Amino acid sequence: SYNSISLCTVFYFLIPFLVIVSSLYNISKKFKNQDIKNHLTRESYNKYIKEIFLDSYKSVFIWPMITILLFMFSYIISNGSFEIIDTNSSFSYEILSNPVAFMLSNLLNTIFMSFFWTNIALLIVPDTRNYIISVLESIMIYFGIALTNTFFVILLISKILNKDVEKYLDFFDVYTYHNRELIPFNILCLSIALISGLLVYLKYKNKEKIIMKLERNS
């Protein structure tokens, strides 16, 4: 049954795109229309920002919902069993031997990484306010960060420590659980989400700067 999930992981490469596209749709439109000026006459800046953030963060649930559907489909086609018949390089036998822990860990990581992708989009949109450009830049920045981490940071730290640290620092390949430890992987994904969330907070903390950006790009 896990083979069916493994075969579907190729489609997960579309997930960052779907999450970013969805998260940016309304906020880019509101920023482009200078919606913020009208709202600030009736409500506080913090309240307005919280409302558009909540709207963008709804996209966080896209990947978890797809994952749940895949688990359900896998369970159905395996006749109500998660028996391990044959494993490939994506999932080790040790991890799959405890399906409940694996599924919970996997779901948590889909949420954490979806927050990360959405936060990247939120960091980009005030500077462009153009929906298509914001989507493309967000995707490029995500892959740029991930590839830099994979082919520079991890290699450098591994060389310094003389130890393979890929399984502890590689958040790009969130679809492969071979040679992974579930809890450290969860901590890594959570840390990425929290760091990006802090950057979003700092970006939007200054009301005057955000308004100036939107006016300059109008």
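**View 1. Helix α8 and its bend at N149.** In this predicted model, α8 bends by about 40° at N149. The helix comprises the 31 residues 131-161. At 1.5 Å a residue, these should span 45 Å, and the end C-alpha atoms are 43 Å apart, which agrees.

View 2. N130 caps the N-terminal end of α8. The cap is formed by a side-chain oxygen of N130, which lies 3.2 Å from the backbone nitrogen of I132. After the helix comes N162, whose phi is positive, near 55°.

**View 3. The buried residues of helix α8.** The residues of α8 that are buried are S134, V135, S138, I139, Y142, A146, N149, T150, I154 and S158. An α-helix has 3.6 residues a turn, so residues three or four places apart point the same way.

View 4. N119 is placed in helix α7, which covers residues 99-128. N119 counts as buried because its relative accessibility is 1%, below the limit of 20%. A polar atom of the N119 side chain lies 3.5 Å from the backbone oxygen of A193. With neighbours within four places in sequence left aside, N119 is in contact with Y57, A193, S196, G197 and V200.

**View 5. S44 in the loop between α3 and α4.** S44 lies in the loop that joins α3 (35-40) to α4 (45-57). With a relative accessible area of 42%, S44 is partly exposed. A polar atom of the S44 side chain lies 3.2 Å from the backbone nitrogen of K47.

**View 6. Confidence along the chain.** The chain has a mean pLDDT of 84, and 84% of its residues reach 70 or more. Confidence is highest in helix α10 (residues 182-205), at a mean of 94, and lowest in helix α1 (residues 2-8), at 45. Over residues 1-9 the pLDDT is below 50, although this stretch has 26 contacts in the model beyond near neighbours in sequence. Where pLDDT is low, the predicted coordinates should not be read in detail.

Key
Residues are numbered from 1 along each chain as its sequence is written. This is a predicted model: local features need pLDDT of at least 70, side-chain atom pairs count only at pLDDT 80 or more; totals for chains, interfaces and linings use all residues. Side-chain values use heavy atoms; hydrogens and water are left out. Helices (H or I, at least four residues) and strands (E, at least two) are DSSP runs, numbered from the N terminus. Buried means under 20% relative accessible area, exposed over 50%, partly exposed in between (1.4 Å probe, protein chains only). A polar contact is a pair of N or O atoms within 3.5 Å; within protein, one must be able to donate a hydrogen and the other to accept it, and residues adjacent in sequence count only if both atoms are side-chain atoms. Contact means heavy atoms within 4.5 Å. The expected span of a helix is 1.5 Å times one less than its number of residues. The bend at a residue is the angle between axes fitted to the seven residues ending there and the seven starting there. pLDDT is the predictor's confidence in each residue, from 0 to 100.
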